[in-house]
Amino acid sequence: MKFDINGIIVAVVTPFTKGGEYVDFDKVAPLAAYIVKKGAAGLFPCGTTGEGHLCSTDERKTVLEETLQGAGKKAKVVAQTGAMDTATTIELTKHAQEVGAYAAAVVAPCFYGYDDAALEQYYATVAKAVPDFPVLLYNIPSCAKNALSPELIDKLAKGHKNIVGIKDSSGSMPLLTRLFGQAEDGFAVINGADEQGFQALVAGGKAVVSGSSNAYIDLYVEIYKNVQKGNLKKAWQAQLRLEKATRLFTYGGGLAGLKEIMRQRGFDPGYVRPPQRELTTPEKKKLAKGLQEQGLI
């Protein structure tokens, strides 16, 4: 069983109504279609960028269904199904398989600290619940608290035929390098930190998952295409532009900033859900100025 997506997988945002009370489901499918038209090879709903942990189980299911509708057959959808508890993770992963997602990505459970034995049990239980469905590990210790060690990743990959890869958002180049070095044939190592997308692709990665690509997919596609052509200088120049552009939404509310950039670049993705906060008027003006200075609007 293999994971076969080549290109940019966008960790798609989730649109909410003003104040964040409801998911704005009317915008989910059009957003998916818009991003795919811009060049996405895959979509990754309800992850960190998608505010998945701020959504109910039913909301996450419907977001996935609408995303699949918007993507059609033009892009593959990898559902982020990880949750705080094993039972909910299994429920969401089974649902992803039932409704036609290409694969599931399962983030490590957060808040409590777990050792490798507990994390192995968690992932093994999920993988066994969907034996014919591809599962990606998802490592993001800055948010989930629990880091997936190289030893655990290797053990899970060898022990379960449907654990087909990992999305590593640790931002650690030494870890990413080790994962590429230890990965056996067919195990996909996918970078999830935008700052090192170029490096991951040059190292042999076939795909990346990117949150900033909701707003900047044109830049990331430029990186990807030039790496594939061997135009590494042009790819690196695009990577530098992307890194500079991502700084624009790091001040203030990060996800609100990303959504505001999307709005200013052509698509209104709705609002964030509290306790995420919206940008202030001065922040929006500063953002617009930054986009103009970089030639992005």
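Where is His160 found? In this predicted model, His160 lies in the loop that runs between helix 6 (150-159) and strand 6 (163-168). Its relative accessible area is 13%, and because the cut-off for burial is under 20%, His160 counts as buried. Setting aside its neighbours within four places in sequence, the contacts of His160 are Ala124, Ala127 and Lys128.

Let me turn to the strands. Strand 1, residues 7-10, pairs with strand 8, residues 207-210, in the parallel sense, over 4 bridges. Within that pairing, Ile8 stands opposite Val208 of strand 8. Strand 1 also pairs in the parallel sense with strand 2, residues 42-43, here over 2 bridges. In this second pairing, Val10 faces Leu43 of strand 2 as its opposite residue.

I come next to the surface. Which residues form a nonpolar patch there? They are Met84, Phe111, Tyr112 and Tyr114, and together they have about 440 Å² of accessible area. Met84 sits in the loop between strand 3 (76-80) and helix 3 (86-99). Its relative accessibility is 41%, so Met84 is classed as partly exposed. Phe111 belongs to the loop between strand 4 (103-107) and helix 4 (116-129). With 57% relative accessibility, Phe111 counts as exposed.

Phi of Phe111, however, is near 75°, a positive value in a residue other than glycine. Lys145 likewise has a positive phi, near 75°, and is not a glycine. Lys145 is placed in the loop between helix 5 (141-144) and helix 6. Its relative accessible area is 52%, and since the cut-off for exposure is over 50%, Lys145 is exposed.

What kind of peptide bond joins Pro274 and Pro275? The bond is cis, with omega at about 15°. Pro275 itself is located in the loop between helix 11 (254-264) and helix 12 (281-293).

How values were computed:
Residues are numbered from 1 along each chain as its sequence is written. This is a predicted model: local features need pLDDT of at least 70, side-chain atom pairs count only at pLDDT 80 or more; totals for chains, interfaces and linings use all residues. Side-chain values use heavy atoms; hydrogens and water are left out. Patches are made of residues with over 30% relative accessible area and no salt bridge: like charges are joined within 9 Å, nonpolar side chains (Val, Leu, Ile, Met, Phe, Trp, Tyr) within 5 Å. Accessible areas come from the Shrake-Rupley method with a 1.4 Å probe; for residues, only the protein chains shown count as cover. A salt bridge is a side-chain nitrogen of Lys or Arg within 4 Å of a carboxyl oxygen of Asp or Glu. Buried means under 20% relative accessible area, exposed over 50%, partly exposed in between (1.4 Å probe, protein chains only). Two strands pair if DSSP finds at least two bridges between them. Contact means heavy atoms within 4.5 Å.
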